[in-house]
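Reader: I have a model open on my screen and would like to walk through it with you. Could you take my questions one at a time?

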Amino acid sequence: MSRNQQKPSERRSLDHYRYEVPNIIDELKLLNPNEYRIYCKYKQLAGDTGISMKSDSALARECGMGIKKVASAKETLSSSFSELGGLPLIYITKRMLSNGKRDSDLVAMADIWMENMAYMTRMRKRRGLAI
């Protein structure tokens with residue numbers, strides 16, 4: 001069966017091979033390159049509604065940056081964005097091991113798809129494009 005003949009449910013089964021970034025992220029230039037890279041890595045790991053427990057050191061290694069840059073990016077991504085109605089891009093829950101040592105953070109993706117849709121609809125209207 002060719003790719004064009006696949007049913008939508010069959011195409012969805014391929015979702016673990018890709019991720020989507022809301023257009024508003026690029027349109028508003030909300031993030032610097034390091035923040036954008038970490039956001040995309042979390043989208044790859046967690047999808048739209050999932051979570052990630054990847055350590056900062058693993059993120060740094062996989063994204064080709066230092067651990068301080070990862071920490072800074074996570075701080076920005078978890079702050080509220082007025083352009084998104086005050087939502088952050090990620091939610092971070094700090095975790096501790098039973099021995100009292102710090103564990104990796106639990107990171108959940110914020111759902112900004114409605115904000116993305118509203119913003120992009122306004123932009124398309126302003127630009128005279130069909131909705």
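Author: Gladly; what follows is a set of questions and answers about this predicted model.

Reader: How many disulfides does a search of the whole structure find?

Author: A disulfide needs two cysteine sulfur atoms within 2.5 Å. Cys40 is in no disulfide, as the nearest cysteine sulfur, in Cys63, is 9.1 Å away. For the whole structure, the number of disulfides found is zero.

Reader: Are Cys40 and Cys63 buried or exposed?

Author: The cut-off for buried is under 20% relative accessible area. Cys40 has a value of 6%, and Cys63 has 11%. Because both values fall under that cut-off, the word for Cys40 and for Cys63 is buried.

Reader: How are helices α3 and α4 oriented to each other?

Author: Helix α3 covers residues 33-46 and helix α4 covers residues 56-63, and their axes lie 11 Å apart. The two pack at an angle of about 110 degrees. Angles of 65 to 115 degrees count as roughly perpendicular, so α3 and α4 are roughly perpendicular.

Reader: Which residues of α4 make the contact with α3?

Author: From α3, the contact is made by Arg37, Ile38, Lys41, Tyr42 and Leu45. By class, the contact has five nonpolar, no polar and three charged residues. On the α4 side, the residues are Leu59, Glu62 and Cys63.

Reader: And how do α4 and α5 lie relative to each other?

Author: Their axes come within 8 Å. The crossing is at roughly 105 degrees, and the range for roughly perpendicular is 65 to 115 degrees. The two helices, α4 and α5, are therefore roughly perpendicular.

Reader: Which residues of α5 meet α4?

Author: α4 brings Asp56, Ser57, Leu59 and Ala60 to this meeting. The residues of the contact divide into four nonpolar, one polar and two charged. From α5 come Ile67, Val70 and Lys74.

Reader: Is Val70 buried or exposed?

Author: Val70 sits in helix α5, residues 67-77. Leaving aside residues up to four places away in sequence, Val70 touches Ile38, Asp56, Leu59, Ala60 and Met65. Its relative accessibility is 0%, and because the cut-off is under 20%, Val70 counts as buried.

Reader: What separates the C-alpha atoms of Val70 and Leu59?

Author: Val70 and Leu59 are among the residues that meet where α5 and α4 come together. Along the chain they are eleven residues apart. The separation of their C-alpha atoms is 7.1 Å.

Reader: What is the phi of Lys29?

Author: Lys29 lies in the loop between α2 (23-27) and α3, and at 67% relative accessibility Lys29 counts as exposed. Most residues other than glycine have a negative phi. Lys29 is not a glycine, yet its phi is positive, about 50 degrees.

Notes:
Residues numbered from 1 in each chain as written. Predicted model: local features only at pLDDT ≥ 70, side-chain atom pairs only at ≥ 80, totals over all residues. Heavy atoms only, no water. Buried < 20%, exposed > 50% of the residue type's maximum accessible area, 1.4 Å probe, protein only. Helix = DSSP H or I, 4+ residues; strand = E, 2+ residues; numbered from the N terminus. Contact = heavy atoms within 4.5 Å. Axes fitted to C-alpha atoms, helices over the stretch in contact; angles between N-to-C directions. Parallel < 35°, antiparallel > 145°, perpendicular 65-115°, else oblique. Nonpolar A, V, L, I, M, F, W, Y, C, P; charged D, E, K, R; others polar.
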